[in-house]
Amino acid sequence: MKLMVVDDEPIILNGIIRMIEKAHTPFIEIIGAADGIDAMHKLATFQPDLILTDIHMPEMDGLTLIKEIQSLNLCSRFVILTGYDDFAYARQALRYQVIDYLLKPINKEELINVLDRIGSSIQDEQKQISEYDLLLLKEHILFDTQFDDLPFKPEQLQSLFPHPYTTIIVIQTINHIPLLTTESLSGMGTAHIFQKLYTFQSRFLQQIIIITNSVHVPTNEDLQLACGELFGTERKQGSGICIGVSIRKNDNERIRDLYIEAMAAMLFNRYFSSSTITIYKPESEYIHQNFDKLVQYIERSIDEQLSIEQIEKDVQSILPHFPGNTVSTNKLRKQILICISVYLQSVGLTPEAIWGEHAASMLFSSNNTSHADIHISEIIAQLIQYIRTSNHHQPNIHTIDKIVAFVEQNYKMDLSLDAVADHVQMHPNYISMLFRKEMGLTFLHYLHTFRLTKAKQIMQDNPELPINTIAEQVGYENPRHFFKVFKKFENITPGQFRLENPSF
């Protein structure tokens with residue numbers, strides 16, 4: 001953790017810093033500033049978790065410094081140090097939500113106790129923030145919520161993925177084997193392989209997604225070892241678990257592509273491989289682009305009610321984007337069938353649901369040639385026809401109304417796309433697609449907009465109500481999440497909004 005100490009008396013400033021360094025508090029990086037002006041200059045390149053500042057300083061006193069720092073969102077935690085036991089200063093400091101108020105000469109034990117208490121609080125908060133960011137990352141990876149609709153940017157994922165290489169492992173159970181729980185993964189003994197490891201579970205997709213971050217590229221042996229520790233020998237040997245892996249050097253803006261690649265490898269593992277694990281191969285590097293083209297065409301053909309004959313004709317224009325020379329090429333067929341399977345996974349369907357278990361295994365197996373003469377265009381046409389005639393696509397307006405009503409009644413709760421999908425019994429990706437199509441924004445964007453509207457109204461109606469309380473009232477358990485979302489969508493902080501929109 002980072003700490004800044006501000007005091008205009010050099011002897012006191014250096015003495016406080018040495019006192020803290022010798023005490024081995026959670027604050028590892030410590031810098032000093034000679035006064036408020038010096039502190040503002042240093043804050044341009046140093047972002048502390050806590051600031052200890054004297055009140056009485058020339059040019060810019062401590063309270064003015066705190067107010068300026070808060071307005072620029074450079075730090076949110078402050079402890080005041082002063083030689084004056086003045087209640088008026090303490091009362092004013094409380095208005096700025098200062099954590100504590102210590103008198104000079106500094107009592108070492110009191111100061112260290114304060115720093116330990118604040119450090120522990122920061123660690124708890126950082127853990128909450130990481131958990132929240134992981135939930136948002138899940139929305140992005142699994143349900144294609146764009147970064148523009150999330151209260152963080154791809155580069156802010158650096159704290160989750162600080163090492164050069166990110167690996168996504170997708171595990172899916174089939175043949176009626178129960179889905180593994182995230183608790184069953186907690187015993188992974190992979191500290192020697194992966195420096196960071198996160199797990200998601202998708203009930204809709206029947207998947208466990210493991211995201212790891214490491215200094216080195218994991219080898220095949222590393223991955224086999226990791227999955228062996230996950231499942232145990234007796235489960236690994238069964239045919240009911242499919243595993244796909246994709247690895248690349250960190251590129252957080254394309255982390256969803258990494259997931260698509262891992263899912264494609266998992267599906268290849270399921271249909272075309274007898275090995276335990278399939279690792280995504282570089283020669284398939286454009287599969288996520290082909291997948292996007294296929295999805296765009298399927299959604300357009302459904303919206304425009306294209307005839308089956310027209311679909312079969314149109315699909316021929318998609319095929320040149322895939323590797324291979326002709327429709328009958330085995331490699332080409334596998335590539336397209338994998339993209340079809342990825343699409344089905346993303347909307348909560350399976351090949352078995354459309355073609356039946358026996359026919360699907362024939363279509364998606366490299367060991368059977370009796371269905372090889374069925375053209376890919378026919379397969380895609382059958383897929384589209386099934387989606388059209390199933391209740392997978394409900395009337396749009398009725399569905400949107402149902403979701404909006406659910407949000408209005410439950411916006412104070414910890415809502416996620418998964419929770420809403422469970423309420424309306426609809427796949428999360430379909431909900432996202434509906435909102436983009438009917439309302440011009442994603443579900444998450446709508447949820448944040450609704451909550452912020454409520455928050456702004458509360459701020460105007462209750463000018464003395466603390467921002468933290470308002471955040472909780474509109475569904476943000478952690479005030480810092482509320483702050484990030486407010487700044488993202490309103491372009492100002494909650495405090496600035498309150499100052500610019502006083503209650504009359």
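Me: Which residues form one aromatic cluster?
Reply: Tyr476, Phe482, Phe486 and Phe497 form it. This is a predicted model. In total, the structure holds 6 aromatic pairs.

Me: Why is the pair of tyrosine 476 and phenylalanine 482 called tilted?
Reply: Their ring centres are 5.6 Å apart, and a pair needs centres within 6.5 Å. Their planes stand at 50°. Stacked requires under 30 degrees and edge-to-face over 60, so this pair is tilted.

Me: What makes tyrosine 476 and phenylalanine 482 count as buried?
Reply: The cut-off for buried is under 20% relative accessible area. Tyrosine 476 has 2%, so it counts as buried. Phenylalanine 482 has 0%, so it counts as buried too.

Me: Why is the pair of phenylalanine 486 and phenylalanine 497 called edge-to-face?
Reply: The angle between the planes is 65°. Edge-to-face means over 60 degrees, so the term applies. The centres lie 5.8 Å apart. Both phenylalanine 486 and phenylalanine 497 are buried.

Me: What parts does the pair of phenylalanine 486 and phenylalanine 497 tie together?
Reply: Phenylalanine 486 lies in helix α19 (residues 479-490), and phenylalanine 497 lies in helix α20 (residues 494-500). The pair therefore ties together parts that are 11 residues apart in sequence.

Me: Where does arginine 451 lie relative to tyrosine 476?
Reply: Arginine 451 lies over the face of the tyrosine 476 ring. Its distance from the ring centre is 5.1 Å, and the cut-off is within 6 Å.

Me: How do you know that the buried residues of α3 line one face of the helix?
Reply: In α3 (residues 62-71), the buried residues are Gly62, Leu63, Leu65, Ile66 and Ile69. Seen down the helix axis, they fall within an arc of 155°, so they line one face.

Me: What caps the N-terminal end of α3?
Reply: Aspartate 61 does. One of its side-chain oxygens lies 3.1 Å from the backbone nitrogen of leucine 63. A polar contact needs the atoms within 3.5 Å, so the distance qualifies. Just after α3, asparagine 73 takes a positive phi of about 55°.

Me: Which residues have the most contacts inside the largest nonpolar core?
Reply: Ile340 and Ile431 do, in a core of 99 residues. Helix α7 (residues 255-272) gives the largest share, 11 residues. Leaving aside neighbours within four places in sequence, isoleucine 340 is in contact with Leu294, Phe364, Ile379, Ile380 and Leu383.

Me: How many residues are in the second, separate core?
Reply: This core has 21 residues, including Met1, Ile30, Leu50 and Ile118.

Methods
Residues are numbered from 1 along each chain as its sequence is written. This is a predicted model: local features need pLDDT of at least 70, side-chain atom pairs count only at pLDDT 80 or more; totals for chains, interfaces and linings use all residues. Side-chain values use heavy atoms; hydrogens and water are left out. Buried means under 20% relative accessible area, exposed over 50%, partly exposed in between (1.4 Å probe, protein chains only). Helices (H or I, at least four residues) and strands (E, at least two) are DSSP runs, numbered from the N terminus. A charge sits over a ring if NZ of Lys or CZ of Arg is within 6 Å of the ring centre and within 35 degrees of the ring normal. The arc is that of the directions from the helix axis to the C-beta atoms. A polar contact is a pair of N or O atoms within 3.5 Å; within protein, one must be able to donate a hydrogen and the other to accept it, and residues adjacent in sequence count only if both atoms are side-chain atoms. A nonpolar core is a set of buried Ala, Val, Leu, Ile, Met, Phe, Trp, Tyr and Cys residues joined through side-chain atoms within 4.5 Å. Contact means heavy atoms within 4.5 Å.
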